[in-house]
Amino acid sequence: MTAPIIEVLNLTKHYGAVQALRGVSFEVQEGEVFGLLGPNGAGKTSTVEILEGLRPADGGIVSVCGLDPQSTGLAFKQEIGAVLQSTALPDKLKVGEAVAMFASFYKRKRDPAALLKRFGLEEKRNAFYSQLSGGQKQRLALAMSLVNEPRVLFLDEPTAGLDPQVRREIYTIIEELKHERKTILLTTHYIEEAEKLCDRVAIVDQGRVIAQGTPRELKQRSAGTTRIELRLARPESDAALKKLDGVADCHASDGVYVVHSTRVPQTIVSLVKYLEAQGNELSSLDIAAPSLEDVFLELTGRRLRD
Amino acid sequence: MRNAWTLTKVRMRLALRNRAFIFFSLVFPLIFLFLFLGLFARSNVAAVPYMLASVLAITVMGSFWGLSIQLVTFREQGILRRFRVAPVGAGAMLASSILSNYILTLPTVTIEFALARRIFHMNQWGNLGGVFLLVSLGIVTFAALGLIIASVTNSTQETQVINQILWSAFLFLSGATLPLPMLPVWIQRFALFLPATYLVTGLERVMVAQVGIMQIGAEVLALAVSAALAFFLSQQLFRWEPEAKVNPRAKLLAAATIVPFLLLGLWETTHGNLRSAARTDFLTIERPAAPNTNR
């Protein structure tokens, strides 16, 4: 196996009294799509911004393309591409001008016209940045991030705030990049995004990596159990539901009870009997295969969107 | 250097698409031109170069206003951080600010000269080499000053307040609007510590008395040293990130820009002849108001 293209070891970072990163470690191989999955404030953006050279770390070792993002400055930036989370371009900058300008900054560059065509922005070449929709702005950000044929591409929450249709468009683009064996480090708090796009995922919570592996490996943590989501007419205690037949675990969040069962039919029968005895009723019941959400829930006791 | 030039071209395009920039860089100075020359030099051709010197100074000083606001807005909107993740240094970003401003201000200066000649029948051009030197140094100095302001302020509102204070001082205490000899003596003395005063009086001397460059050496030196210092400091203090707050030490460091003017002001107060030269230039206007000559 070749040396990892990204190496992160015991990364720490604090902002005033807040400890944002508490020893984050992971490696990314060349050609891999690696995801950092976690709720807002978990430390994903801090990690990525340190890897992009935008912030110094307080401690730990970081290497991207064999370079230290902090000490190698402009040479390092020749090697990476990035879609940042909170960024913009000047309102009166035209789409074509933006791509051509960024292309001019790099030694290795792609044809701006070809990039615009690939990202469906050919007709918007002369449109001002302010005239673009959210999806078009994100496609432009992706086009600009690829202008230097980067060895590593950082995508920080690339679909946050976009509507589902635009999000799917962006997924298609990232899947194409994945097929081209582009090395991508992606941060997200969307389960679907991590499961669909990433070869491997690190689940991040409160500044720590609490689990990592392929989405399949991670979901096998919940193997042997099936997730049942319930809504009830009246609240019940978690402890009572945990005593039902076949129940391995139960958490309640926002009025939804997530029950992990090893024997689904028995659990449902005993649930119905129990609710009847309590004079309570089922409002809804969904049975689903385990997802990364369940892994997160098992590990932290919280849902990703909490 | 190549990046600085690319950014300069892009920023010039952005400026020309910005109505506020067009108004403040072209329309606003021309309003001053017609106001000053129309009111004070319409039937007095001898006063045209003197008034034009004031208009040129106002045009040049305007550099700091737009630049500081633009840079702070870029930072607040996260535009600068997009450049930061590319191989673009702070020096290229700042140099492009000054260069684009310089290139865009020169046509306004040319138009002002042309209108003074054509409409107000200006019959002498002054020392054009000296005008060019002072205008060039002035734009760079005041643009670099704008970059310093952008470096030490955290929001557009804060930048606007500081700009307003400085702009008022430059406009009304330097001789740019009210001739220096007409101002109370204590203001004349205070004016010796303002960069704007050296620009205004320097321009008056090359326009009216048509002195050579050597005779405006002090003005040129003060502007050049300040431009270099302000550019160096703005590079040191430059912040790409909206949340990166400026520390109080940086504000003190930024204040170092006034050092050349402080020294020059002290020297002018004790040994200099700037106030008497300003009075001489003022008296070349045929029908002057009585200058305030009390010491």
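This is a predicted model: local features need pLDDT of at least 70, side-chain atom pairs count only at pLDDT 80 or more; totals for chains, interfaces and linings use all residues.
Trainee: Into which domains is chain A divided, and how many Å separate their centres?
Mentor: The assignment for chain A gives domain 1 as 6–219 and domain 2 as 224–289. Taken over C-alpha atoms, the centres of domain 1 and domain 2 of chain A are separated by 39 Å.

Trainee: Which strands stand at the edges of the open sheet of 3 strands in chain A?
Mentor: The order in this sheet of chain A is E2-E1-E4, with antiparallel pairing. An edge strand has a single partner strand, so one side of it is left without a neighbour in the sheet; in chain A these are strand E2 (18–28) and strand E4 (59–64). From one strand to the next the twist averages 25°. The edge strands are thus E2 and E4 of chain A.

Trainee: How many bridges join E1(A) to E2(A), and which residue stands opposite Glu7(A)?
Mentor: Strand E1 (residues 6–15) of chain A runs antiparallel to E2(A), and 8 bridges join the two. The residue in E2(A) opposite Glu7(A) is Glu27(A).

Trainee: Which helix lies across E1, E2 and E4 of chain A, and at what angle to E1(A)?
Mentor: The helix in question is H1 of chain A, residues 44–51. Its direction relative to E1(A) is about 120°.

Trainee: What is the sense of pairing of E3(A) with E8(A), and what is the sense for E8(A) with E9(A)?
Mentor: Strand E3 (residues 33–37) and strand E8 (residues 200–205) of chain A share 4 bridges in the parallel sense, and Phe34(A) has Arg200(A) as its bridge partner. E8(A) also pairs with strand E9 (residues 208–213) of chain A over 5 bridges, where Ala202(A) is partnered by Gln212(A). The sense is parallel for E3(A) with E8(A), and for E8(A) with E9(A) it is antiparallel.

Trainee: Which residue in the turn between E8(A) and E9(A) has a positive phi?
Mentor: E8(A) and E9(A) form a hairpin, with 2 residues between the strands. A phi of about 50° is found in the turn at Gln206(A).

Trainee: What is the strand order of the open sheet of 4 strands in chain A, and which residue is the bridge partner of Ser253(A)?
Mentor: The order is E11-E12-E10-E13 in chain A, with antiparallel pairing. Strand E11 (247–253) and strand E13 (282–288) of chain A each pair on one side only, and neighbouring strands are turned by 20° against each other on average, direction ignored. E11(A) is joined to strand E12 (residues 256–261) of chain A by 6 bridges. In E12(A), the partner of Ser253(A) is Val256(A).

Trainee: Are H6(B) and H7(B) roughly antiparallel or oblique to each other?
Mentor: Helix H6 (residues 90–118) and helix H7 (residues 128–152) of chain B pack at about 135°, with their axes 9 Å apart. An angle has to be over 145 degrees to count as roughly antiparallel. The angle of this pair therefore makes H6(B) to H7(B) oblique.

Trainee: What is the distance between the axes of H4(B) and H7(B)?
Mentor: Helix H4 (residues 63–76) of chain B crosses H7(B) in the right-handed sense, at an angle of about 35°. The contact includes Phe64(B), Trp65(B) and Leu71(B) of H4(B), with Phe142(B) and Ile149(B) of H7(B), and its residues divide into 12 nonpolar, 3 polar and no charged. The axes lie apart by 7 Å.

Trainee: Are H11(B) and H13(B) roughly parallel or roughly antiparallel?
Mentor: Helix H11 (residues 217–237) and helix H13 (residues 259–270) of chain B pack at about 160°, with axes 8 Å apart. That angle makes the two helices of chain B, H11(B) and H13(B), roughly antiparallel.

Trainee: Which helix gives the most to the side of chain A that touches chain B?
Mentor: The contact takes 20 residues from chain A and 17 residues from chain B. On the side of chain A, helix H2 (73–77) and helix H3 (95–104) are the elements that give two or more residues. With 4 residues, the one that gives the most is H3(A).

Notes: Residues are numbered from 1 along each chain as its sequence is written. Chains are lettered from A and ligands numbered from 1 in the order in which they are written. Two residues are in contact if their C-beta atoms, placed from the backbone, lie within 7 Å. Axes are lines fitted to C-alpha atoms, for helices over the stretch in contact, and angles run from 0 to 180 degrees between N-to-C directions. Angles under 35 degrees count as roughly parallel, over 145 as roughly antiparallel, 65 to 115 as roughly perpendicular and the rest as oblique. Two strands pair if DSSP finds at least two bridges between them. A crossing is left-handed if the near helix is turned anticlockwise from the far one by less than a right angle, and right-handed if clockwise. Ala, Val, Leu, Ile, Met, Phe, Trp, Tyr, Cys and Pro count as nonpolar, Asp, Glu, Lys and Arg as charged, and the others, Gly among them, as polar. Domain bounds come from an automatic or database domain assignment.
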